[in-house]
Amino acid sequence: MRFLLGYGSCGIASGANDVLAGLESTFAGTELKVEKVGCNGLCFAEPIVEVITDSGESILYGRLNGESAVKFAVAVKNGQLPQENRLTEEECNFLNGQKRIVLSGCGKIDPESIDSYIENGGYTALEKALTMGADKIIEEIKASGLRGRGGAGFPTHFKWDAARRSQSDEKYVVCNADEGDPGAFMDRAVLEGDPHRVLEGMMIAGIAIGAQSGVIYVRAEYPLAVKRLKLAIAQMHEKGYLGENIFGSGFNFDFHIMMGAGAFVCGEETALLASLSGNRGMPVTKPPFPAQKGFRKQPTNINNVETFANVSWIIDNGGEAFASMGTEGSKGTKVFALAGRVKRGGLVEVPMGLTINDIVFGICGGIKDDARVKAVQMGGPSGGCIPENMLDTVIDYENIAKTGAIMGSGGMIVMDEKTCMVDMAKFFMDFTSKESCGKCVPCRIGTTRMLEILKRITDGEGVAEDIDTLVELGESIKVGALCGLGNSAPNPVLTTIKYFRNEYEEHINNKCCPAKKCNALIEYRIVPDLCRGCSLCSKKCPVDAISGVVKSPYVINSDACVRCGQCIDTCKFNAIKVISGEESI
Amino acid sequence: MAEGFEIKINAVLEKYSNPEESLIAILQEVQDICGYISKEAVEYITSKTRIPSSRIMGVASFYAGFRLKPVGKYRIMVCMGTACHVNGSERIGDTIKRVLGIEAGDVTADGLFSWEEVACLGCCSISPAMMINDTVYGTLTQQKVIDIIEGIKKEEAE
């Protein structure tokens, strides 16, 4: 019987170390062992232990802590598999509804052991690729229909072929592991949970294009990923998978890891290359493309973590098998990171072609507290908010683009009635304007102006022309900006205006925030008829904004109130309401 | 610069055969040594590598990961990602500002704490989240944040 403990960043943050201590201390002296594996993506139930019985059955235990881990371990020592802490059938459907290629090793193998990867079929694709030759490899990638998973969706075989045809003795394979989309954590899970899968994919790309060097550009905010990659590379050296004349094939390869330093724009490939050269991450026009002149001005192929993580499966199973999944234009599977107001958030890998509803409701259980879904944001700060009545949209690159959003890296943020769409637009514009490299006027100044307008609107100082100005500015920036950051930055604003124009109008015309989020447009009021004068809210208030006499209704001073909401959380009588606009209590 | 830093920075510079290309990695290591990128450190790197200090400052000021001011012993990073925002990260930032009495980017007078808003930490499922040095704290509430900070203050007092 095996006991697999999810040991990724979120697992650790949720208490996996306490669970580990509880299990190991109870198992001490027995033959029972705990294996540390990567995150299996069931983030809603961390910390998780998966039991694999001798007959191969999998039973999932979740939400453990030090105490319940000991209880569990004691029961196991007594020959039982207890019911307590088991995931329900509905919760297990989270995994059953998925088709995992990229995530197939996450939560199953020990990411700190190359032997674990090999035992599970790892490096068979590399061995096959070493005998296939570059042309055949690229043919299979073409047949698979694999498109770049970082967000742009560019056909992978095309890029590889372009780099292959560039003449040079010095070529590079670069992995963009700068996962910068807020709300996206797929790449982190793969790098922490199955690093060899990415490295193997990069090496196969190396064979295809004729490169001997792989560079992984990882964001600095992922220290555990960096640690596991370094370890994986060292183990590859020990086993002879790296170096000169690998397995007598004549193929040489080695890896270098470069850490990012905190710049979203470095996810854009020319900015990434600038950063790799020790410069400010400022994009440049293309051509020349990296395939012609990339890192150190040599032919370079840059792909995203998830793109590389698909390669070994394609080589092992054939491009056609990959293409048998998905839609006409978007083949294979895609990993989505579900977060926000969803019941069961985490990593979902499914074939292209499901609808957004299928994922949000079918796999993730719908909205927290059974509230009503308002929108799903796809594509991060470059994407858009898809409203409730369009959640039956089939997920593939072209269909999502038609809504005004983009597939992006796969982050899906689920929003309910408590989310203000104007506030979300402001949030994204704040992000992109800060992350703008500053080089071109449309982006540098355009995003700043759009943000100013959005701030005025949420501060209750919007004017009638603002909506049209935002649209005009947004459309100009899309056309005029130099790089992908700029020409997609207006998308969240443009889609929220398209689908939620009434919210903007409420903010501007009626000084009202329907979602009751924008602080300048809401007030907290105590309902005198419901207030018992218990004074608890007054004691809790961090800015002393609530006053009164015990046993009489208390009063909130709106000018002092910072809208932190702690009074509402404290009140046992539901006596405090949030009002906006013309509402009264 | 504090004593011993020059020797340590020399050791870093010796590792890189192409300091211009490896400037970001060099600055990351120097930041680990000195706590932040100080003017003295920049001038020292210039003196050793001939990379103009304007270029070094250009790189140091571009990337959010480089600090140009000292940080506290406990560096609090509040995640401002989308999931955290939707689940209330603004209030977490407000709470920290109130409890510590400092703005984002500043250090408390006793040098114990500093806080900043950072881009997505990738821990969206446990939003709202923050990191204090290398430790992630998730599913935060305003009270939890207060408890964590008070807990650290208590430990330090002992």
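These questions and answers concern a predicted model with chains A and B.

Reader: How many residues of chain A are in contact with chain B?
Author: Contact here requires heavy atoms within 4.5 Å. On the side of chain B, 35 residues meet that condition. Their counterparts in chain A number 55 residues.

Reader: What area do chain B and chain A bury between them?
Author: The size of an interface is often given as the accessible area lost when the parts come together. Of the area buried here, 54% is on carbon and sulfur atoms. B:Glu21, B:Phe62 and B:Thr82 supply 19% of what chain B buries against chain A, more than any other three residues. The area buried by the two chains between them is about 3,500 Å².

Reader: Which residue of chain B forms a salt bridge with A:Arg296?
Author: The rule finds two salt bridges across the interface of chain B and chain A. In the one made by A:Arg296, the closest N and O atoms are 2.5 Å apart, inside the 4 Å limit. The partner is B:Glu21.

Reader: Which element gives the largest share of the side of chain B that touches chain A?
Author: Helices H2, H4, H5, H6 and H7 of chain B each give two or more residues to that side. The largest share is five residues. These come from H4(B).

Reader: Are helices H10(A) and H13(A) roughly parallel or roughly perpendicular?
Author: The axes of H10(A) (residues 195–209) and H13(A) (residues 305–317) come within 7 Å and cross at roughly 75 degrees. Angles of 65 to 115 degrees count as roughly perpendicular. Therefore H10(A) and H13(A) are roughly perpendicular.

Technical notes: Residues are numbered from 1 along each chain as its sequence is written. Chains are lettered from A and ligands numbered from 1 in the order in which they are written. This is a predicted model: local features need pLDDT of at least 70, side-chain atom pairs count only at pLDDT 80 or more; totals for chains, interfaces and linings use all residues. Side-chain values use heavy atoms; hydrogens and water are left out. Buried area is the accessible area (1.4 Å probe) that two parts lose on being put together, summed over both. A salt bridge is a side-chain nitrogen of Lys or Arg within 4 Å of a carboxyl oxygen of Asp or Glu. Helices (H or I, at least four residues) and strands (E, at least two) are DSSP runs, numbered from the N terminus. Axes are lines fitted to C-alpha atoms, for helices over the stretch in contact, and angles run from 0 to 180 degrees between N-to-C directions. Angles under 35 degrees count as roughly parallel, over 145 as roughly antiparallel, 65 to 115 as roughly perpendicular and the rest as oblique.
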